[in-house]
Amino acid sequence: MSEQISHHIPDALMASYVAGSLPKPFALVVATHVSMCDECRANLLAHEAAGGAVLETMGEEPLSGDLRSRVMGALDEQIDVTPDVAETPRKGVYPGPVMAALKGSDPKWKKLGGGVRQCIVDMGLEGSARLLHIPAGRPVPEHSHGGLELTLVLQGAFSDATGRFDVGDVEIADADLEHVPTADEGQDCICLAATDAPLRFRSFVPRILQPLFAI
Ligand SMILES: [Zn+2]
């Protein structure tokens, strides 16, 4: 699968993930991509090893035992997140991290209009991620977003003004991008999307629907 992936997790985002500073919805997208992508898994391990090396160096300084154990403890806790998530098995097109976030149950879809369906994935106080099911050949309503949006393809493919995204590819869209992702013909597209601000749909009907669907 990995050799088909052409849009990966940028280094700065991976560094934030390893540092434990990403909001949970983004961390879910990164963890899910890493579970699908050998290249990014190697990059993740390199970042984690670099973090460990920094702590080893700190160990040679006169660092109080208490502080050192707290730092090491924090690092262990954060690194443990990955194996825990990896223990949940993939189910159909949903990789382990997605199934873990869904607590093992199938997605509960709600209609968005135009045949598009979504399933909100609750991430507690840090917002939500969502699964999007886009019928083959159909667009997602045009929208812009106030912040960063990460979209990972789990099935099928979509295209927008920035390019084409296949299974495993991650699109990173910032506040300036107004895009109309359109699913490829031939197969319905299922994506995992995370945003750090509510989407602002531009067409009239979706804007009315927005409070109902909490998008
Ligand atoms: Zn990758």
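Predicted model: local features only at pLDDT ≥ 70, side-chain atom pairs only at ≥ 80, totals over all residues.
Residues are numbered from 1 along each chain as its sequence is written, and side-chain values use heavy atoms, with hydrogens and water left out.

**Zinc ion**

I then listed the ligands: His8 (ND1), His33 (NE2), Cys37 (SG) and Cys40 (SG) coordinate the zinc ion at 2.1 to 2.3 Å. Donors are N, O and S atoms within 2.8 Å of the metal (3.2 Å for Na, K and Ca); water is not among the atoms, so sites may look incomplete. I found the site of the zinc ion to be tetrahedral, with angles of 98 to 124° among its 4 donor atoms; four donors count as tetrahedral if all angles lie between 85 and 135 degrees. I noted the sequence spacing of the donor residues as H-x24-H-x3-C-x2-C. His8 lies in the segment before α1 and Cys37 in the loop between α2 and α3 (38-60), 29 residues apart, so that the pair links distant parts of the chain. Helices (H or I, at least four residues) and strands (E, at least two) are DSSP runs, numbered from the N terminus.

**Helices α1 and α2**

I read an angle of about 105° and an axis separation of 10 Å for the packing of α1 (residues 11-18) with α2 (residues 24-36). This makes α1 roughly perpendicular to α2, the class for angles of 65 to 115 degrees. Axes are lines fitted to C-alpha atoms, for helices over the stretch in contact, and angles run from 0 to 180 degrees between N-to-C directions. From α1, Leu13, Met14 and Tyr17 meet Ala27, Val30, Ala31 and Val34 of α2.

**Leu148**

I located Leu148 in the loop between β4 (143-145) and β5 (149-155). Leu148 counts as partly exposed because its relative accessibility is 25%. Its C-alpha atom is separated by 5.8 Å from that of Thr195, 47 residues apart along the chain. Leaving aside neighbours within four places in sequence, I found Leu148 in contact (heavy atoms within 4.5 Å) with Phe26, Ile172, Ala173, Ala194, Thr195 and Asp196.

**Whole chain**

Key. Parallel < 35°, antiparallel > 145°, perpendicular 65-115°, else oblique. Tetrahedral: all angles 85-135°; square planar, octahedral: opposite > 155°, others 65-115°. Buried < 20%, exposed > 50% of the residue type's maximum accessible area, 1.4 Å probe, protein only.
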